[in-house]
Amino acid sequence: MTDPEFLDQVKAALGEKGGEVTNPATRRFFVTVGASDLLESVKLLREKLGFTYVATISGLDAGESFEIIYHFAIPGAQLNVRTQVPKSNPHIASICPVIPGAILYERELQDMFGLKVDHIPDPRPLVLPDDWPAENYPLCKAWKHIRPEEKIPGGKS
Amino acid sequence: MKFTIPIGPQHPALKEPISLRMTIEGEVIRDADIKLGYNHRGLEKLAEEKTWLQNIYLTERICGICSHSHATCYTQGVEKLMEIEPPRRGLYLRFLVAELERVHSHLLWLGVAGHEAGFDTFFMYTWRDREIVMDILEAISGNRVHYAINTLGGVRRDIDDLQKKKILDSLDTLRSRSEYYFKIGATEPTFVARIAGVGRLSKEDAINLCAVGPMARASDFPQDVRKDDPYGIYDEVPFEVATATTCDVLGRVVVRVKELMQCYNMIEFMLQNLPDGPIAVRAPRRAKPSEVVSRYEAPRGENIHYIKSSGGDKPERLKVRAPTLANYPATVVMLKNGFVADIPLIFAAIDPCICCAERVVTLVNGRSGEEEVVPLSRLRRLARERWKKAPLNKDAVWPL
Amino acid sequence: MLKKIVRWSRIKSPWILHLNSGACNACDIEVVAALTPRFDVERLGVLLKATPRHADVIVATGPVTRQIKDRIIRIYEQTPDPKFVIAVGACAMSGCIYRGAYNIMGGLDQVIPVNIYIPGCPVRPDAVLDGVVKLLGTL
C-alpha cells in the first residue's frame with residue numbers, strides 16, 4: 001500500500017486520540033498522542049492495523065519534559081508514536097498488556113531517565129550496575145560524569 | 001526440590017559476560033532470568049559528545065562481529081539528516097562489504113553451533129573457511145574486523161579489477177566447500193538428532209515477544225527488513241527470504257544455511273553489475289534540526305537507530321537497539337521446560353552478540369546453601385554422555 | 001633440579017583462561033581464531049581452560065565496566081600462583097574510545113596487575129601468538 005493510503009488508515013484508526021500524522025520520508029510516519037491515551041491508542045493500532053511488533057522505545061530529555069517515542073513496524077510502513085510527560089510527574093503507562101515484548105525497553109527507560117512506568121510486570125533495573133548510586137539518571141542532559149583520577153602503574157599519575 | 005543455578009559472567013563457552021539464573025528441578029529448567037549490565041559501556045551518552053564523523057568509529061565498536069551493520073545503519077541515518085545521496089558505486093561497495101560480513105558471521109555461528117553440539121570438526125572446518133573471507137575483507141579495507149569503510153556520503157576505498165577477480169575465485173571455493181559441509185551436516189544422524197526438538201519457540205510466541213532475525217524466521221514468521229523496508233540497493237538485488245517451519249534449533253541452522261547460499265548469489269550479482277563512477281560525495285559539517293529512524297538487517301536480526309539533531313555538529317540523541325536484546329524475552333520462554341544439558345545449545349542458537357558473555361555455572365544446593373563451581377565444559381561433557389545413551393530420533397529430517 | 005623441571009614445564013605448556021570484561025567481541029573472536037588451524041596456538045602447548053583454578057595465564061580483553069570489576073578481582077584471586085595477566089587490545093590497555101564513559105573504569109591495570117600489553121583494535125591472532133611467546137621468554 002502506498003504512503004498516502006497508509007496515512008489515511010492511521011488517521012481513521014486513531015480518530016480523535018491521535019494528533020497530526022506526518023510522513024517525512026518514504027515509509028516513515030510520526031504521530032503524537034497524549035500520555036493518558038497511550039494504552040488505548042496502542043490497542044487500536046494493534047487491532048485495526050496489525051502493529052504487533054515494537055522495535056524499540058526511545059526516551060529524550062527535552063528540557064521541561066521527557067519525550068517518549070514508540071517505534072512500531074509492519075511490512076511496508078514504520079510508525080513512530082510520540083508522547084510527552086512533564087518532569088514534575090514522570091509517569092507513563094506500560095504497554096506490556098498489549099505487547100508483551102516491550103518489557104525490556106521499558107525497564108531501560110526507568111534506568112536511564114528516572115521515568116516511572118506504571119503496572120510494569122518487572123520493575124528491576126536492567127543495565128546499570130548493582131552499586132550504582134540511586135537517583136542518578138545518566139541520560140538526562142543535566143547529569144554530567146566526573147572522571148575519577150587514574151593511577152598509571154609505573155608512570156606519572 | 002528446586003535449585004537455582006546462576007550461570008554467571010565468566011564462562012569458557014564463548015565471548016560475552018551475561019548472567020543467567022535458572023531455577024531447576026532435577027534436569028528440567030522451570031524458570032530463567034537474565035541479568036544484563038556487564039557490557040553496558042554508556043555509549044549513548046558518549047555519542048552526544050562526539051561529532052557526526054567521529055561517531056561512525058564509535059558505533060562500529062558496539063559489536064565486533066557485526067561492526068559494519070551498526071556503522072552503516074548510523075551512516076544511512078545521518079545521510080538522510082544531511083540530505084545527501086551517496087553515488088551508486090559507493091552504495092554497491094558498501095553493501096558488498098555488508099554481505100561479506102553476513103557470510104563471515106554465519107560461518108562463525110555455524111562453527112559455534114557445531115562446537116556446542118559436540119561436533120568440533122565442523123567448528124575447525126568452518127573457521128578455516130572464514131579465513132578466506134577475512135582475507136578478502138582485509139584486501140578491500142585493510143583490517144580483518146572493524147573495516148572502517150563507511151564515511152558520510154559514500155565509502156572510503158575502491159576496488160580494482162584484480163581484487164574483483166580474486167573475490168570471484170574465492171567465492172567458487174567457498175561455495176563448493178559450503179555445499180560439502182551441508183551434505184555432511186545433513187547426513188550425520190547424530191548431529192541432526194541432537195539439535196532437533198531443542199529450544200522450541202512457537203509462531204505465536206515469536207510474534208508476541210517481538211523476536212527478530214533468524215529466530216523469528218525459523219518459526220515461520222518471514223520478517224526481513226531487506227524485503228519489508230528496502231534500503232540502499234536491496235530493491236534491485238534479487239534474493240529470497242529464508243524461512244523454516246520447525247521452530248527449533250534445527251530450523252535456525254537451516255535458515256542460516258539458506259541465507260549463506262543466498263549471500264553468495266548476491267555477492268556475485270553485485271560484482272558483475274558494479275556501476276562506474278565516484279565513490280563518495282562531500283558531506284557538510286552540520287545537520288539540519290530533524291530526526292530520522294534507520295533500520296538495517298544485521299546477521300542477527302533487525303538493527304534500529306534513532307538519531308535526533310538540533311542543528312549542530314554533534315547529535316542530540318542517538319538511540320541504538322541491537323538485535324540480540326530483542327530476542328531475550330523469547331530466550332527465556334525457550335529455556336523453560338528445557339533440559340540443563342541443552343543450555344549451551346539454546347543460548348548459542350540465538351546467536352548472542354551480547355558483547356560480553358562468559359558464563360560460569362555455580363550450582364547452589366537448595367538445602368544447605370553450599371556453592372560448587374561447575375565449569376561449562378563439565379556440563380557439556382554431561383550433555384554429550386546423556387545424548388550418547390538417548391535413543392536416536394530417526395524421524396528428524398534435514399529440510400533443505 | 002626440581003625447580004628446573006618445574007620451570008621447563010611452565011614454559012612448555014601455559015594454560016590460559018579467556019576473560020571478557022565488557023568488550024565489543026572483536027578481540028575475543030581473534031583470540032579464539034588463534035586456536036583455529038590457520039594460526040594454531042596449540043602447537044605452543046597453550047590450552048584453553050574453562051575455570052580459573054586450572055589456568056596459568058589470564059588473557060583479558062575489554063575495558064572494565066563497573067559491574068564486572070568485582071568479578072574480575074574474584075577470578076584473579078581464584079587463579080593459583082604463579083599467574084600472569086595479558087591485556088589484549090587497546091580497550092584493555094587504556095579504554096580505547098570508551099574513555100570518559102560513565103560506566104568504564106579505564107584500562108585493566110586499574111583493577112589487577114598486568115604483565116604484558118598487546119596493542120591493536122582488534123589484535124591480529126599473530127600478535128596474540130607473539131605476545132604469548134614473549135611472555136614465555138621472560139620466565
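Two residues are taken to be in contact if their C-beta atoms, placed from the backbone, lie within 7 Å. The structure is a predicted model, in which local features need pLDDT of at least 70, side-chain atom pairs count only at pLDDT 80 or more, and totals for chains, interfaces and linings use all residues. Residues are numbered from 1 along each chain as its sequence is written, and chains are lettered from A and ligands numbered from 1 in the order in which they are written.

Among contacts in chain C between residues at least 6 apart in sequence, 80% join residues at least 24 apart. Chain C contains five helices and five strands (DSSP runs of H or I with at least four residues, and of E with at least two, numbered from the N terminus). From the N terminus on, these elements are arranged as α-β-α-β-β-α-β-α-β-α. The radius of gyration, taken over C-alpha atoms, is compared with a globule rule of 2.2 Å times the number of residues to the power 0.38. For chain C the value is 15 Å, close to the 14 Å that the rule gives for 139 residues, so chain C is as compact as a globular protein of that length. The C-alpha trace of chain C spans about 50 × 35 × 25 Å along its principal axes. A residue is buried if 20 or more other C-beta atoms lie within 10 Å of its own, exposed if 12 or fewer, and partly exposed in between; on this basis 53% of the 139 residues of chain C are buried.

In chain A, which has three helices and seven strands, the order along the sequence is α-β-β-α-β-β-β-β-α-β. The radius of gyration of chain A is 19 Å, whereas a compact globule of 157 residues would have one near 15 Å. Buried residues account for 36% of the 157 residues in chain A. Of the contacts in chain A between residues at least 6 apart in sequence, 48% join residues at least 24 apart.

Leaving aside neighbours within four places in sequence, Val59(C) is in contact with Ile16(C), Leu17(C), His18(C), Leu19(C), Val31(C), Ile86(C) and Val88(C).
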